[in-house]
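This report describes selected residues of one protein chain and the contacts they make. Please consult the sequence and the structure shown here while reading.

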Amino acid sequence: MTLKNELCRLLGIEYPIIEGGLAYVGNGLLAAAVSEGGGFGQVGAGGRTPENFAEQIRIAAAHTDKPFGVNVPLSMHQDLSRYFEVIKENRNRIKAVSLGAGNPKPWIPFLKQLGILVMVMTSTVRHARSAEAAGANIVICEGYEAGGKNGPAELTTMALVPQVARAVSVPVVAAGGIADGRGMAAALALGAQGVQMGTRFVATIECEAHERYKKILVEAGDDSTLIMSRALGSSVRVYRNAYAEKVQEMERQNPDPEKLRPYVSGAANAKAAIHGDFENGYVNAGQSTGLIDGIESAAAVVKKVAGEAETVIRSMYESVAGGQT
């Protein structure tokens, strides 16, 4: 059997598996490795200067001739136009751009004029419909299980995906809490045409995350994450360490946004994610951590997850077919 569908056709990929943007650690080598494995890699703009963003795109292009894309968090405090200028300069290398954490409408026409596909991150049916109406080619609906910043509605992947799939006509990608073939098969059963994985791709050889970050993901269990930043009007799912628990306690005792902001900043994220300083920083992590058993090539992860999904789907089909009279 094959997993190829409209999403694969649009992106020019073998398996409907997309790498999440991964602020600070979504580097070019990782994007290339995911694409080489048959999935769709993405270079993350989050946590990068425009110059480094451009360099990572060049690195990805130098290591694969297969399609890849980039992710731009629209909540970045930098001048976004500089990042979109980088995209324009590399339009012949970039197949698709995913937009999230902000209003994508002003940027969709610009990207489509460049001949680049647009994927929009959404967390509610309303946002998914708005994204489709604005011209998005693909809607990625991310559940509350996902690592990093999540939507304020806090809808789970299981509840969100079928509602979005029913509401829009463009391909839907499921994200949040997916790290193996069983999760992928479940997402396809819910109406998605593919999956996006973030946390799983951190624990890979090619990811530039600090080795300590990768190690804690392998050792983590089902209850190894918590939510920070509700006092700032957002939900950020992170690995449960002493630093994150301290921030959570600060939110309970004195939810002053100005005092809390430095503790949940990108700089605090980079300290742990890039430099391994977990005593003074935090890392994003989804609820799929308990499914990560080792650090391997990103290409191998893609093939493994796709193979597992095919096996699960075939087994379910044969079970149903075998029970018919």
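## A salt bridge of Arg212

Arg212 is partly exposed, with a relative accessibility of 34%; buried means under 20% relative accessible area, exposed over 50%, and partly exposed in between, for a 1.4 Å probe and protein chains only. The side chains of Arg212 and Glu279 meet in a salt bridge, at 3.0 Å from N to O. Arg212 belongs to helix H10 (residues 211-219) and Glu279 to the loop between H13 and H14, so the pair ties together parts that are 67 residues apart in sequence. Here a salt bridge is a side-chain nitrogen of Lys or Arg within 4 Å of a carboxyl oxygen of Asp or Glu. Helices (H or I, at least four residues) and strands (E, at least two) are DSSP runs, numbered from the N terminus.

## Basis of the model

This is a predicted model, in which local features need pLDDT of at least 70 and side-chain atom pairs count only at pLDDT 80 or more, while totals for chains, interfaces and linings use all residues. Residues are numbered from 1 along each chain as its sequence is written, and side-chain values use heavy atoms, with hydrogens and water left out.

## Further salt bridges

Side chains of opposite charge can pair when their charged atoms come close. By the rule stated above, the count comes to 13 salt bridges.

One of them joins Glu296 and Arg200, whose closest N and O atoms are 2.9 Å apart. Glu296 lies in the loop between helix H13 (266-273) and helix H14 (298-322), and Arg200 in helix H9 (residues 199-202), so this pair ties together parts that are 96 residues apart in sequence. Glu296 is partly exposed at 23% relative accessibility, whereas Arg200 is buried at 5%. Arg200, Glu296 and Lys304 are linked in a network of salt bridges.

Glu55 is partly exposed at 33% relative accessibility, and Arg58 is partly exposed at 38%.

Is Gly100 buried or exposed? Gly100 is buried, with a relative accessible area of 7%, and lies in strand S4 (residues 96-100). Leaving aside neighbours within four places in sequence, Gly100 is in contact (heavy atoms within 4.5 Å) with Val72, Pro73, Leu74, Ser75 and Met121. The C-alpha atoms of Gly100 and Asn52, 48 residues apart along the chain, are separated by 20 Å.
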